[in-house]
Amino acid sequence: MTQEINLKSEISATQTGLRLDQALAELFPDYSRTRIKEWILDGKVSVDGTVVNKPREKVLESQEIEVQATLEEEVHAEAQAIDLNIVYEDDHILVINKQAGLVVHPGAGNSDGTLMNALLHHCPEIEHVPRAGIVHRLDKDTTGLMVVAKTVEAQTHLVAALQARDITREYEAIVLGTMTAGGTVDEPIGRHPTKRTHMAVHHSGKPAVTHYRVAEKFRAHTRLRLRLESGRTHQIRVHMAYIGHVLVGDPVYGGRPKPPKAASEAFFEVLKNFKRQALHAVRLELVHPITCELMSWQAPIPEDMVELTKALRKDTEEHPPEYL
């Protein structure tokens, strides 16, 4: 269950000089310190009309505080021994190559067996960091690179970098239809007006920008390289569906597989048996939140997408269209 909340208050003389998270804990005692810190890191708190995402920011008397957030039921996650593909780790961050089927955060229907449970087991001290250090998400069946903060300081810097669009996230996807050129989708995304588990392009949604370029063309499909400026729920899946090129295998926005004319039975079986969205977070680049070193990682394309690509190439070779 979620609830939109709007909290307003004013810093008193006795709160002058306190950290923002400490002052909010006094102003809004009905909410936990962890939740308040999450709101600050997520950019949900403004001071005198300006968003402040640093919990340690000092406050002054008479400053106007406003919180606009979605209140979600707090979930207590237990540590669980779940295999993680860790591609980098130091005292401040870790980068994982997430496998398909792994939910990032506990929620309705997924109370355990999530990335958060795995992180709490791998790094027990991460329980002191809001959301166990998770600063961005991948959908359950999307594979690829994610960065996780191991300290509050690292998380604060990473969240700020995400909001400033200073973290590069590139994806590889396979979509239905032949695309002749790349482009940009700049359309707001919000909750679907009638299907509450779906997202949709909607004028009242939050700004969302997706850049894409053609990596490889097939007879009736296209392999894309995409880069996000924002990070809305289901963003690539929604934006690609919006321009008429749904992701292969997408169970929410894609519908039934549609093999091209005269396709072989073997090719149709490959399409039919690809039961997740063909989407992989292939590249991640960021400035280390503590050392300030520019760092970059690449995750190899998962085997199921490699096999899908081989089948698409074979189908194209068997039925070569003139324009390829």
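## Leu 226 and its surroundings

Let's start inside the fold: leaving out residues up to four places away in sequence, Leu 226 touches Arg 169, Glu 170, Tyr 171, Glu 172, Ala 173, Thr 210, His 211, Tyr 212, Ile 236 and Met 240. Contact here means heavy atoms within 4.5 Å.

This is a predicted model, in which local features need pLDDT of at least 70 and side-chain atom pairs count only at pLDDT 80 or more, while totals for chains, interfaces and linings use all residues. Residues are numbered from 1 along each chain as its sequence is written, and side-chain values use heavy atoms, with hydrogens and water left out.

## The nonpolar cores

Leu 226 is also among the residues with the most contacts inside the largest nonpolar core, together with Ile 126, Tyr 171, Ile 236 and Met 240; this core has 31 residues. A nonpolar core is a set of buried Ala, Val, Leu, Ile, Met, Phe, Trp, Tyr and Cys residues joined through side-chain atoms within 4.5 Å. Buried means under 20% relative accessible area, exposed over 50%, and partly exposed in between (1.4 Å probe, protein chains only).

At least two residues of this core come from each of strand E6 (93-98), H3, E7, strand E8 (168-176), strand E13 (221-228), helix H5 (235-242) and strand E14 (279-287). Helices (H or I, at least four residues) and strands (E, at least two) are DSSP runs, numbered from the N terminus. H3 gives the largest share, four residues. Because domain 2 (76-157) and domain 3 (164-323) both contribute residues, the core lies between them. A second, separate core has 19 residues, including Leu 20, Leu 27, Val 47 and Val 59.

## Domain layout

The chain is assigned domain 1 (1-69), domain 2 (76-157) and domain 3 (164-323); such bounds come from an automatic or database domain assignment. The centres of domain 1 and domain 3, taken over C-alpha atoms, are 38 Å apart.

## An aromatic pair

Two aromatic pairs turn up in a search of the whole structure. One of them, Tyr 88 with Trp 297, is tilted, at 5.5 Å centre to centre and 45° between the planes. Rings of Phe, Tyr and Trp (its six-membered ring) pair if their centres lie within 6.5 Å; planes under 30 degrees apart count as stacked, over 60 as edge-to-face and the rest as tilted. Tyr 88 sits in strand E5 (residues 86-89) and Trp 297 in strand E15 (residues 294-298), so the pair ties together parts 209 residues apart in sequence. Trp 297 is buried at 11% relative accessible area, whereas Tyr 88 is partly exposed at 23%.

## The annotated position

The unreviewed UniProt entry places the feature "active site" at Asp 139; annotations of this kind may be inferred rather than shown by experiment. Asp 139 lies in the loop between helix H3 (115-122) and strand E7 (143-149). Beyond its neighbours within four places in sequence, Asp 139 contacts Lys 98, His 234, Arg 237 and Gln 277.
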